[in-house]
Amino acid sequence: MGSLFRSEEMALCQLFLQSEAAYACVSELGELGLVQFRDLNPDVNAFQRKFVNEVRRCDEMERKLRYLEKEIKKDGIPMLDTGESPEAPQPREMIDLEATFEKLENELREVNQNAEALKRNFLELTELKHILRKTQVFFDEQEGGANQTTESMTRALITDEARTAGASMGPVQLGFVAGVILRERLPPFERMLWRACRGNVFLRQAMIETPLEDPTNGDQVHKSVFIIFFQGDQLKTRVKKICEGFRATLYPCPEAPADRREMAMGVMTRIEDLNTVLGQTQDHRHRVLVAAAKNLKNWFVKVRKIKAIYHTLNLFNLDVTQKCLIAECWVPLLDIETIQLALRRGTERSGSSVPPILNRMQTFENPPTYNRTNKFTKAFQALIDAYGVASYREMNPAPYTIITFPFLFAVMFGDLGHGAIMALFGLWMIRKEKGLAAQKTDNEIWNIFFGGRYIIFLMGVFSMYTGLIYNDIFSKSLNIFGSHWQMSYNKSTVMENKYLQLSPKDDYEGTPYPFGMDPIWQVAGSNKIIFHNAYKMKISIIFGVIHMVFGVVMSWHNHTYFRNRISMIYEFIPQLVFLLLLFFYMVLLMFIKWIKFAATNPKPYSEACAPSILITFIDMVLFNKPKDPVRDCHVYMFWGQHFVQVLFVLLALGCIPIMLLAKPMLIMQARKLANVQPIAGASSDAETGGVSNGGPHGGGGPHEEEEEMSEIFIHQSIHTIEYVLGSVSHTASYLRLWALSLAHAQLAEVLWTMVLSIGLKQEGWFGGVILTCVFAFWAILTVGILVLMEGLSAFLHTLRLHWVEFQSKFYKGQGYAFQPFSFDAIIENGSAATEVE
């Protein structure tokens, strides 16, 4: 059987590589991505391994590249990404790469330091320019007020004793300091000055209109200029300490107007010079970053490949001569020749004369599970692996899920219009997948949608098909072939009478609608719900039983492949018989009822004589005889039905002790014949009774000690009870197909009736405006609720039906995934981690 239906056959191999050829050979295997290496040094600390220094050098190079990437993104420079993956550099090229990165980092840091110093000087000169301008206004106001302003300021700033002393000593000379402070710190700064200096200072402030750039982080900050007048050295000291506490910057400001004008002219000249130097510095920095941006992606790829190679080499062992590296690895059996060719290429590249040796090993370890996928099957395989990775060589549900998953989803989501929206969205992602895949994003929701684009497309297409079957498009029907029902009533009677119903005997033509449901059911009123309930409930049970029977049949392929004759005879056959005799028989009763009973048939096969399937099934299980039917009606649907039903129930009940006891008893008998003594506390696979289930190609399951008989009986009891009770609950669980389908149709009808129909009833130009607004609102609700939310609900329910109801019949999912050494996976994960950082 192909690898699509089972995981690949794996082989454990031992690899011998010459030391000088090991790097090149591992590089070729990384490009191939088909080898999973095992750690042969599990007890050795990571810092004590052979190639730890090379790994550290790679870490340092990655740090420098991340610094360059940060600076490039800061300047908004696009990074060239050709989409090509360069080969891993040779070990001697590491020195050149390290020298290049060291030179770029040092040059960029020096340029940044110089630019920061220049920006700091520019900020100081800009603040000084604003101080000289604003304080000139303050002094002009003071001179304009002549002696009155000076006298009032003086009175405000000196005490009574100082005023008395000033009267005898002459006029009081006021001191002042000027500076710049952040605008948000100004109110508390002013309050602190007032309280600390007891109101003996005079503060004037003015806002700087344009924001200033902080040279440390490049943020734009808003600042204000202030000038503080005071009297005395004591207040001067106190004012300066307060300014220092609020991180206000003080600048020298001459008292004489001529000196201020001269200083302002000098500041403007220096600002112009600094602008020129800053422009040249930024141009040089931009050129350095542009040159680095052209190669940054390739540099990241090269460094990560080197690091991955040395990290893998740390998993190897050295032989006694210290000239040969020994590795153990899992490889797909079909790819051994491809791997050997890659090893030869690596040996030729390194110039080694000793060829590598790849030997298969015999092992009882459980191999990893490897399912080959492409861009189409990858998403469906991910759905299966999310439940649990398949055991080695176990039947893979993914190929069947490709059909059953979108179909069961569509049964719940059946609507031609909603399915078309979903299919078009999926088709758009498929058509644009190359461009969308190149646009890597951190948006997790978008990544989920894009990863499942083929699932979304198929779910939309299948929903369009079931929408045609239901004849449902945005809660309306398509009348393509004309209704096969005839109304003998006039229009007013039909529109006014809510309880009017058509008679299947008199109003039905006798020939069914060619495809799907007759559109007459869309206007059938309350009778529509009754008809849809009966129809969708029955097809849910039919699909569910067929799905479960198929799951049980899949278990037969597992038993035959692993040559487990006991499980095949005493588990598979009783399970299948139990499911067929009870639940598949119930499905057959549905078809018999559909075929035999009709409104046009005479008694005993008329519509009035049709028995309830549910009541018939309950009576069958309880061995009850049906109640007396209506006059001239038969009790049973066919001759001998009671005998057949009693026989089926007895046979089904007889399968339970076979499932429960046969397998443990046969295992116990086999052990007695072989004189096997069980060891307490040991464990093995209860499905095989301690026999290795590795299949015919070796590389089988773990060579474990046999399980105690008590544990085998307990496990078998649990499996039997789970299957018997699960058959009932799982069958009922498929009724969610009916419930969600009905809910989806009713929600669509509610949106049409309560939203869109309001706009359609309006007339005139005003009605056109109303209809446009109402249609937009209806479209948003349709996409948001019926497509997204209802689609997510149907998706989750479909997932549950596959994980629990279907896969539980044959799928254990107790394996572990094959994780080969692959450069593509490493680079993809590394790029994602870098973007998150």
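What share of the 837 residues of the chain counts as buried? In this predicted model, the buried share is 43% of the 837 residues.

## Overall architecture

The chain holds 25 helices and 11 strands. Among its contacts with a separation of 6 or more, 82% are between residues 24 or more positions apart. The accessible surface of the chain comes to about 44,700 Å², and carbon and sulfur atoms account for 59% of that area.

## Helix H11 and its neighbours

Helix H11, which spans residues 377-387, has Thr377, Ala379, Phe380, Gln381, Leu383 and Ile384 as its buried residues. These buried residues pack against four helices, namely H12 (398-413), H15 (444-451), H16 (453-470) and H24 (764-806).

Side chains of opposite charge can pair when their charged atoms come close. A search of the whole structure finds 28 salt bridges, and two of the pairs described here involve the loop between strand S11 and helix H11.

In one of them, the side chains of arginine 38 and glutamate 365 meet at 2.8 Å, N to O. This pair links distant parts of the chain, with arginine 38 in the loop between strand S2 (36-37) and helix H2 (52-74), and glutamate 365, 327 residues apart from it, in the loop between strand S11 (357-361) and H11. Both partners are partly exposed, arginine 38 with a relative accessible area of 23% and glutamate 365 with one of 37%.

In another, glutamate 433 and lysine 375 meet through their side chains in a salt bridge of 2.7 Å, N to O. Glutamate 433 lies in helix H14 (residues 433-438) and lysine 375 in the loop between S11 and H11, so that the pair, 58 residues apart, again links distant parts of the chain. Glutamate 433 counts as buried because its relative accessibility of 12% falls under the 20% cut-off.

Key: Residues are numbered from 1 along each chain as its sequence is written. This is a predicted model: local features need pLDDT of at least 70, side-chain atom pairs count only at pLDDT 80 or more; totals for chains, interfaces and linings use all residues. Side-chain values use heavy atoms; hydrogens and water are left out. Buried means under 20% relative accessible area, exposed over 50%, partly exposed in between (1.4 Å probe, protein chains only). Contact means heavy atoms within 4.5 Å. Accessible areas come from the Shrake-Rupley method with a 1.4 Å probe; for residues, only the protein chains shown count as cover. A salt bridge is a side-chain nitrogen of Lys or Arg within 4 Å of a carboxyl oxygen of Asp or Glu.
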